[in-house]
Amino acid sequence: MTFASNSDSMNTLKGLNNSHSEDASLRMVSAAPLDDDSVSDEELRPNTLEGFIGQPRLKAQLELFLEAARKRDVPPDHILLAGPPGLGKTTLAMIVSHELGVPIRVTSGPAIQHAGDLASILSSLESGEVLFLDEIHRLPRAAEELLYIAMEDFRVDVMVGKGPGASSIPLTLPRFTVIGATTREGMLPSPLRARFGFTAHLDFYPASELEKLVERSATVLDLHITQTACSELAKRSRGTPRIANRLLRRVRDWAIVHDLSKVDYEDVKSALSLYQIDSEGLDRLDLAVLRTIVTSFDGGPVGLSNLSAMVGEEAETVQTVCEPYLVREGFLVRTPKGRIATKKAWTHLGLSAPEDVMKSF
Ligand SMILES: Nc1ncnc2c1ncn2[C@@H]1O[C@H](COP(=O)(O)OP(=O)(O)OP(=O)(O)O)[C@@H](O)[C@H]1O
């Protein structure tokens, strides 16, 4: 009986954190993990649902779902966690395993190169164990098909021998729970989606929730900070816990270097302006994009390639790293003719918008 095994397929969380396709380069406001995030992500991760900040409806649903499984004394149905990076999918997977008191095995779609890699992981799972599959939309097709059967029938078909004499032997698996995480739910084939009994969509956090998160993280880091400082940090964190925690760590550096016993609002402003992160959470690149549209193209419309050439960045970076936040926050609109800076963008840059922008955007 042979499984093609791949020693990389069981990633540590640190390894997983580097597998994102987004080129975050050195952006402090990137939602994807940067190099020094892995340790801190672990350090700041709550391990109970109670410690998980925000997302109240999702928490209530998950609480009920886990409690029912506990009462029935069976592993819960498979869980799908969907949403942008840095909003807490890995954290929730860890919480589920902790709340159920079962071990968790961690891997990711890109780490599984062959169906055999997955078969070997599945066949070594213990009863009730959680298998966390990050970036599940990036599983190879053959592994995906193997996963359908394993999730539904708790079985893998193991290939024995090679060539024309090869045959498959069904291997029964103990009951386990798959937790799949994806930033691209739309890329999951519907048969795979249908095998999850519980799907949670994580959304960006309002500033009021991020403020509580910053408060909690500051306590874990043993950093004294005022309420207004927490609120200012939350406001600049683009709705994303990972960014809030990262900015907080940079503010902690500031406090250490300046020998501060308590961080206040002015300290947050000074520390973050050093990193060129402004009051709306926009960084140097976001501002360069807006400024270029406004000053070089009279507010737009401007096509992506012209815009990125003027800004001096790859078109993909502008499109995937800057634009989603600028559009979400109403600084930019995308029209068939190109990108247009809105009234909010002009005002944010300290300029008054022309008549037509005032009327339409
Ligand atoms: N609701 C929350 N409450 C407290 N901390 C949170 C919450 N959501 C996320 N965090 C913290 O933010 C950091 C990033 O979270 P996490 O690694 O779970 O994100 P993710 O959605 O899995 O990201 P990715 O898609 O990049 O893997 C962690 O330190 C985590 O503890």
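In the predicted model, R339 is found in strand β9, which runs over residues 338–341. R339 is buried, since 26 other C-beta atoms lie within 10 Å of its own, and the threshold for burial is 20 or more. Apart from residues up to four places away in sequence, R339 touches I293, G300, P301, V302, L307, L332 and R334. One of these partners, R334, is placed in strand β8 (residues 332–335). R334 has 15 C-beta neighbours inside 10 Å and therefore counts as partly exposed. With neighbours within four places in sequence left aside, the contacts of R334 are V327 and R339. An unreviewed UniProt entry places the feature "binding site" at both R334 and R339.

The chain as a whole contains 16 helices and nine strands. Its C-alpha trace spans about 75 × 50 × 35 Å along the principal axes. Of its 361 residues, 39% count as buried. Among contacts with a separation of 6 or more, 70% join residues 24 or more positions apart. The unreviewed UniProt entry assigns residues 75–208 to the annotation "domain: AAA+ ATPase".

G86 is buried, as 28 other C-beta atoms are within 10 Å. Its contacts, not counting residues up to four places away in sequence, are A31, T240, P241, R242 and I243. K89 belongs to helix α4. K89 is also buried, with 24 other C-beta atoms within 10 Å. Under the same exclusion of residues up to four places away in sequence, K89 touches L81, G83, A181 and L202.

The shell around the ligand consists of 22 residues, of which G88, K89, T90, T91 and P241 come nearest. Helices α4 and α10 each supply at least two residues of this shell. By residue class, the shell divides into 10 nonpolar, seven polar and five charged residues.

Helix α8 comprises 14 residues (207–220) and reaches 20 Å from its first C-alpha to its last, close to the 20 Å expected at 1.5 Å a residue. Its buried residues are L210, E211, L213, V214, S217 and A218. These residues lie on the same side of α8 because they cover an arc of only 165 degrees around the axis. S208 and T219, on the other side of α8, are exposed. The elements covering the buried residues of α8 include α9 (227–235) and α10 (241–257). Just after α8, D222 adopts a positive phi of about 60 degrees.

Note on methods. Residues numbered from 1 in each chain as written. Predicted model: local features only at pLDDT ≥ 70, side-chain atom pairs only at ≥ 80, totals over all residues. Helix = DSSP H or I, 4+ residues; strand = E, 2+ residues; numbered from the N terminus. Expected span 1.5 Å × (residues − 1). Buried ≥ 20, exposed ≤ 12 C-beta atoms within 10 Å, placed from the backbone. Arc of directions from axis to C-beta. Contact = placed C-beta atoms within 7 Å. Near = placed C-beta within 6 Å. Nonpolar A, V, L, I, M, F, W, Y, C, P; charged D, E, K, R; others polar. UniProt positions renumbered as here; feature names shortened; annotations may be inferred.
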